[in-house]
Amino acid sequence: MTQAELRLCSLLLQEHFGEIVEKVGNSLLRTGPRPLRLLVGDTGLLPDQVKKALCVLIQHNLVWYEVQPRGSVEYEARSERILRILRYPRYIYTAKTLYGDPGELLVEELLLHGHLPMSCAVARVADRLTETMEDGKTMDYAEVSSTFVRLADTHFIQRCPIVPESSRSTKVPLPPAPALAIAEKDMYVVPRLSLVGKGKRRHSCNEEEEGEHAAKKQKQEGGSSETPPDDGIYWQVNLERFHQHFRDQALVSATASRMDQTSSEVVRTMLRMSEVTTASGASHTQPLSSNEIFRSLPPGYNIGKQVLDQYLALLADDPLEFVGKSGDSGGGTYTVKVMWGPGASWAPPSPFLHPSLIRLLLRRFGSRCARIFRLLLRKKHLEQKQVEDFAMIPAKEAKDMLYRMLSENLVSLQEIPKTPDHAPSRTFYLYTVNVMAAARMLLHRCYKSVANLMERRQHEMRENKRLLEKSQRVEAILASMQATGAEASQLHEVEEMITGPERQQLENLKRNVNKIDASENQVDETIFVLESFIMSTMKTP
Amino acid sequence: LSMAGRGRGRGRGQMTFNVEAVGIGKGDALPPPTLQPSPLFPALERRAAPLPGGEEGEYMLALKQELRRAMRGLPYFVKPGAPRRDIERYSDKYQLSSPMDNAIDWNPDWRRLPRELKIRVRQLRKGRTAPLIPKQHVAVDKEETIKKLESLEKKEEEVTSEEEEEKEEEEEGKEEEEEEYDEEEHEEETDYVLSYFDNGESFGPDSDDNGDEAVY
C-alpha cells in the first residue's frame, strides 16, 4: 500500500465516519491485521470506542475478521474497499438510470447502511418515496419489492454470507466469532416474502388515522417490531457487477467513437446478453451466435440479418479486437473481448487505457509530447534520432520532452548491447513505453490528487466556518418566521443580517466546493480505468 | 589518497555511457545542477481541462454532497463521548442526550460479529422510560444512596408511567408532536419543559418509531 492510498483511505474514513473510526482504520491499514487489545493500545482510544468503530467498519464491509488458531480474533482492513467510497455517487446514479427512483434509493440505502435485510430496505425506500409524493399518495411496497428482485436477478445486489446453523450442543463452546459463508448459488436468491404495506410519511395529518391502524395491525400480526420474516438474511451492493457495467459502457462508447452508432448497439446487445453469464475476470464473453444476437437486438433497430453479419465481420476484423470470431455454428459465433489488459506483448494497444494516458499527457505536457508518446506506443522501441524523425519535432525539443517523460517514468530506456562487453559506445539506447509502469505511476498520482482535493475542500470549509454557521442560523430563523407567518419586511430585515460581501463570500465558497467535489468525481473515473487495467493485467497468467 | 580526485575537472561530467547516443551532443550546455528541492507549487504551464458539465455531472455532484451530509447524521458516524464533568450537577438529569462512549447508537446483528465487540445498545427514546442509575465509581455509603435513589426512581416512574400511557394511545410516527402534546397534558414536576432535558441514560423496551435507526 502506498502512502498516497493510505492518506486517501484516511481522509475518506474521517469524512464519512468520523475521527474515531479513522484512527482505528488507520491503525489497521498501516500496521496490518491485529487483535482488539493491540488496536486499543495502538490508537490510544477507549476500548468501547474501538469496539464501536470496529462494529461500524465491519457493518460496512470495510474490515473483516478472522479467528486465529490460538482463539483470538484478528481484524483486517480492506483498503481497496475503502477507496470505493469515492465511487458511491456513481453507483447510485447508475442504479437510477437502470431502475429508476426505487432502484436509486435501494442502492443508496444499502450503501449508507452497509447491509440490510430486504424487508427493512423495502420499508425505508417506500417511506422515502412516499415523502416525495403528493399529499394522500403512498408508495406501495410491491413496487419497491419488484425493483429489489430485479436488482438481485441482474446481480447488482447480493446476499451477504450467513451465520452457520449452530448445532445447539451445549458442550461445544461458541466460537469467539462466527464463520460467515455463503454458497455461490445462493447469492442472488430472494427469499419468499410477502411484504405488504405502504410507505409512511413522517409528518402528515391525514395519514395519521391510516398510519395508526396499519401500525396497530402490524403489531398484532407480529410485523414490524418483532422478528422480520427474513431475519438473518442480509443484502449488500455487488460492487463488482457495477464495475462490469461501467466497463461495458466504456466498451460501447469506444466502439461508437471508433465505428458508428449501429456497431456500438450490436456490441451493447451482445454485452447485455452476457451480463450474468460472464464470470468476473473472464477475458471474453461466452460465444454468442449471430442468430441469437439478431433475435436480441433492441426492437427499434431494423437492420437485416445480412447487415448484422457484415457488422459482426467488421467488428471482428478491426485491429482493436473488440469482437472476436470464435466459430461458425449458428451463422458464426462471436465473443466480446472484455479484458482490458495488454495481453501478450504483441497485442495491439488497449482501447481504453491508452486514450486516458494520452489525454493526460496532452493536458500536462502538451500536444507534441502526446505525439511522441503515441508514436512510441505504436512503434514500441525507437532510438532518439528515430523519434525526432518520425514525430517531425526538432531535436532539441524532442530531447527535452523525452527526458521529461523519462523523469516522470512514462517512458523508459532500453539498452541493447551490440557487443558482449556492453560498451556504451556500441549499445543501442531505445526509448519505449512501459504501459504497466506508466499506469501505476498515474494511478498513484490520481490517489494523491483526490487526497489533495479533499484536504483543500475541508480547508475551505474550515476557513469559512463562522460565516457558514451564521448563514445556517439565519436560514433557521427565516424558516421559523415564515412558518409563523411573518411579514415580508420582517423577513427582509433578517435576510439583511448577512451583508453583501458576506453573501459574495458564501457564493464563492459554494462555487469552489462544488468545483472540487466535481473534480473528485472526475478523478475517480480515471482511477477506475487505471485500476481495471492494472487488475486485469495482474490476472493474466 | 591523491588518486581520489583524479577524474575531476577533466572534461565536463563524464558518464559511463556514450552521451551522444542519448542525444547530448558535444559542446551542448547541460542544464545547471539542481541545488535545492523543487518548488512546492511549481508554475502551471498549462491549465487543466474544464470539468465536463451536463446533467449527469450535476446529479452526481448533488448525490455526493447529499451522501456526505447524510452519513454525518447516521449513528455510524462515531463521536467521542462527552467528557465527564468534575461534579455531578442537577441539570445533568435534564440534559439532552449527548454521545456516550460505552453505548452504541444502533442495533447491529450481534450474531454476525465477534463476541468481544458486544457493547450496550443505547435506546434513543427521550424521557420515556425510567432512567438508569448512573454507575457509581466512588464507594459511597450504599444504603443511604440506595434509599435516595429508590425514592427518586419512584418519582420518576410516576412521571414516566403517565407518559407511557399517553404514548401508547397516540401511536408511533410523530415524535415531536407527541411530546409536545404530552407536555401540555400531564402535570409536570418541574418548571422545565421535559422534552428539552434528558440525561440520556435510559434503558428500556425497543423504541419503534425512530426512523433514523435500522430496525431489524
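Helices (H or I, at least four residues) and strands (E, at least two) are DSSP runs, numbered from the N terminus. By these assignments, residues 8–65 of chain A are 76% helix and 9% strand, with end C-alpha atoms 23 Å apart. The model is predicted, so that local features need pLDDT of at least 70 and side-chain atom pairs count only at pLDDT 80 or more, while totals for chains, interfaces and linings use all residues. Residues are numbered from 1 along each chain as its sequence is written, chains are lettered from A and ligands numbered from 1 in the order in which they are written, and side-chain values use heavy atoms, leaving out hydrogens and water.

**Domains and annotations of chain A**

- The domain assignment, which is automatic or taken from a database, divides chain A into domain 1 (3–77), domain 2 (245–336) and domain 3 (352–436).
- Between the centres of domain 1 and domain 2 of chain A, taken over C-alpha atoms, the distance is 45 Å.
- An unreviewed UniProt entry places "domain: RNA polymerase III subunit RPC82-related helix-turn-helix" at residues 8–65 of chain A.
- UniProt, again in an unreviewed entry, annotates residues 360–433 of chain A as "domain: DNA-directed RNA polymerase III subunit RPC3 winged-helix".
- Such positions are given in the numbering used here, feature names are shortened, and annotations may be inferred rather than shown by experiment.
- Residues 360–433 of chain A are 54% helix and 20% strand, and their end C-alpha atoms lie 15 Å apart.

**Chain B**

- Four helices and two strands make up the secondary-structure elements of chain B, in the sequence order α-α-β-β-α-α.
- Chain B has 216 residues, of which 29% are buried (under 20% relative accessible area, with exposed over 50% and partly exposed in between; 1.4 Å probe, protein chains only).

**The second largest cavity**

- Five cavities of 30 Å³ or more are found in the whole structure; a cavity is a set of points, on a 1 Å grid over the protein atoms alone, where a 1.4 Å probe fits but cannot get out, and lining residues have an atom within 4 Å of a point.
- The second largest cavity has a volume of about 90 Å³, taken as the space filled by probe spheres set on grid points joined across faces, edges and corners.
- Residues of both chains line the second largest cavity, among them A:Leu12, A:His16, A:Met454, A:Arg457, B:Lys64 and B:Arg68.
- At least two lining residues come from each of helix H1 (3–17) and helix H18 (435–463) of chain A and helix H2 (55–73) of chain B.
- The lining holds six nonpolar, one polar and five charged residues, where Ala, Val, Leu, Ile, Met, Phe, Trp, Tyr, Cys and Pro count as nonpolar, Asp, Glu, Lys and Arg as charged, and the others, Gly among them, as polar.

**Cysteines**

- Zero disulfides are found over all chains, a disulfide being a pair of cysteine sulfur atoms within 2.5 Å.

**Loop residues of chain A**

- A:His155, in the loop between helix H8 (141–153) and strand S5 (157–159), has a positive phi near 70°.
- A:Asn409, in the loop between helix H17 (395–407) and strand S11 (412–417), has a positive phi of about 65° although it is not a glycine.
- A:Ser425 lies in the loop between S11 and strand S12 (427–432) and is partly exposed at 48% relative accessibility.

Definitions and conventions:
On a 1 Å grid over the protein atoms alone, a cavity is a set of points where a 1.4 Å probe fits but cannot get out, and a pocket is an open set with protein on both sides within 12 Å along at least five of seven lines; lining residues have an atom within 4 Å of a point.
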